[in-house]
Amino acid sequence: MFLVTGATGGLGRRIVRSLREQERSVRAFVRLTARYGELEHRGAELFIGDLRRERDIQRACQGVEYVISAHGSNELSGGAEAIDYRANVELIDAAKAAEVRHFVYISVLGADRGYEDSPVFKAKWAVEQYLRASGLSYTILRPAGFASNLLPLAEQFRQTGVYLLVGDPKARTSIVSTDDLARLAAEAVFVEGARDQVLAVGGPEVLERGEIPRIFGELFNRSPVVVNPPLLLVDGVRSLVNVVNPDAGQGLGTLRSLLANEFFCTAAEVTRLENLFQFQLESLGHFLRRYLSV
Ligand SMILES: NC(=O)c1ccc[n+]([C@@H]2O[C@H](COP(=O)([O-])OP(=O)(O)OC[C@H]3O[C@@H](n4cnc5c(N)ncnc54)[C@H](OP(=O)(O)O)[C@@H]3O)[C@@H](O)[C@H]2O)c1
């Protein structure tokens with residue numbers, strides 16, 4: 001039995017889908033208020049709880065062989081300490097007590113770079129250290145940005161031709177197909193070479209962020225109008241938000257770290273993943289074409 005946290009999220013529901021396609025038994029940790037119909041429909045067992053409650057985490061781990069931690073706080077919710085850090089530490093403790101055989105943790109590319117300004121990056125790094133010291137068998141996946149994040153932006157672009165690009169258009173990224181990442185997470189427990197490894201996960205091409213509107217333009221056959229405010233805009237918004245809501249202001253530190261830095265995998269890292277998992281990662285263009293029917 002797999003336990004998947006964040007099972008209603010962009011990544012988590014794809015992990016559940018991938019596991020159910022392999023007919024694996026899955027317990028999906030969901031909140032009562034979440035949209036979990038699809039998970040139920042696919043034959044996942046639902047565990048209704050809240051990751052802010054340790055007791056729920058302990059109960060969810062009972063009888064489980066594998067845990068995939070795919071939950072996350074919302075950037076603006078200011079919940080990184082409770083959700084990204086504490087819930088994972090409690091999940092690791094509960095997995096250990098339940099004698100779980102393998103723990104897959106979704107971290108983030110750059111977790112080891114010491115972005116002190118970002119509560120999420122700090123939490124991910126601390127959880128990685130905690131998991132590695134736990135004695136559990138583990139795989140840590142450090143993904144770049146998810147391709148599925150771009151779907152609403154692509155839809156907007158289809159309507160308007162406008163693309164908002166904050167910060168340096170030359171900054172490099174290797175956006176990963178969210179479906180590929182889900183497959184890696186689901187299969188990691190069975191891949192010997194992924195045991196006790198920290199794996200950077202990115203798509204097969206390194207793109208400059210400025211190439212994304214070009215890809216949209218090609219998909220929809222229209223010239224992109226790129227609105228490109230400087231990063232200072234985020235700093236300005238952040239100073240204002242800080243006055244009204246310091247937690248949300250802190251959360252914006254994560255957004256700033258994401259916009260101010262490069263997140264890409266080397267060709268060697270991509271080849272390593274493809275060799276370990278024996279499949280080819282898909283490009284951003286391929287992912288978008290599948291979802292947008294273009
Ligand atoms: N998106 C990216 O580009 C990206 C890049 C690198 C790493 N990551 C990491 O990948 C993971 C998955 O990201 P995602 O984009 O799929 O996240 P997401 O769509 O925002 O989903 C977050 C999930 O966590 C659940 N959750 C939040 N608080 C909870 C609570 N108190 N109790 C129970 N469940 C709770 C949410 O449940 P509800 O549906 O009830 O809200 C949802 O299922 C996260 O750890 C994220 O940091 C994301």
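Let me start with the ligand. In this predicted model, 23 residues surround the ligand. G9, L11, A34, H71 and G72 are the closest of them. What is the make-up of that shell in nonpolar, polar and charged residues? Eleven are nonpolar, nine are polar and three are charged.

Now the chain as a whole. The protein chain has twelve helices and eleven strands. Its radius of gyration is 19 Å, close to the 19 Å that the globule rule gives for 294 residues, so the chain is as compact as a globular protein of that length. Along the principal axes, the C-alpha atoms fill a box of roughly 55 × 45 × 35 Å. Of the 294 residues, 45% are buried. As for contacts with a separation of 6 or more, 77% of them join residues 24 or more positions apart.

Next, the sheet. Seven strands make up an open sheet, and the pairing is parallel. If you want to trace the order on the structure, it runs β3-β2-β1-β4-β5-β6-β9. Which strands stand at the edges? They are β3, residues 45-48, and β9, residues 197-201. Each has a single partner strand, so one side of each is left without a neighbour in the sheet. From one strand to the next, the twist averages 20°.

A28 has L46 in β3 as its bridge partner. A helix also packs on this sheet: α7, residues 178-187. Helix α7 touches β4 (66-69), β5 (102-106), β6 (138-143) and β9. The direction of α7 makes about 170° with that of β6.

Last, two backbone details. Most residues other than glycine have a negative phi. Here E23, which is not a glycine, has a positive phi of about 60°. Where does E23 lie? The residue is in the loop between α1 (12-21) and β2 (26-30). Is E23 buried or exposed? E23 counts as exposed, because it has 8 C-beta neighbours inside 10 Å, and the cut-off for exposed is 12 or fewer.

The other case is Q278, again a residue other than glycine, with a positive phi near 60°. Q278 lies in the loop between α11 (267-277) and α12 (284-292). With 8 C-beta neighbours inside 10 Å, Q278 counts as exposed.

That is the end of the tour.

Note on methods
Residues numbered from 1 in each chain as written. Predicted model: local features only at pLDDT ≥ 70, side-chain atom pairs only at ≥ 80, totals over all residues. Helix = DSSP H or I, 4+ residues; strand = E, 2+ residues; numbered from the N terminus. Rg over C-alpha atoms; globule rule 2.2 N^0.38 Å. Buried ≥ 20, exposed ≤ 12 C-beta atoms within 10 Å, placed from the backbone. Contact = placed C-beta atoms within 7 Å. Near = placed C-beta within 6 Å. Nonpolar A, V, L, I, M, F, W, Y, C, P; charged D, E, K, R; others polar. Pairing = 2+ DSSP bridges. Axes fitted to C-alpha atoms, helices over the stretch in contact; angles between N-to-C directions.
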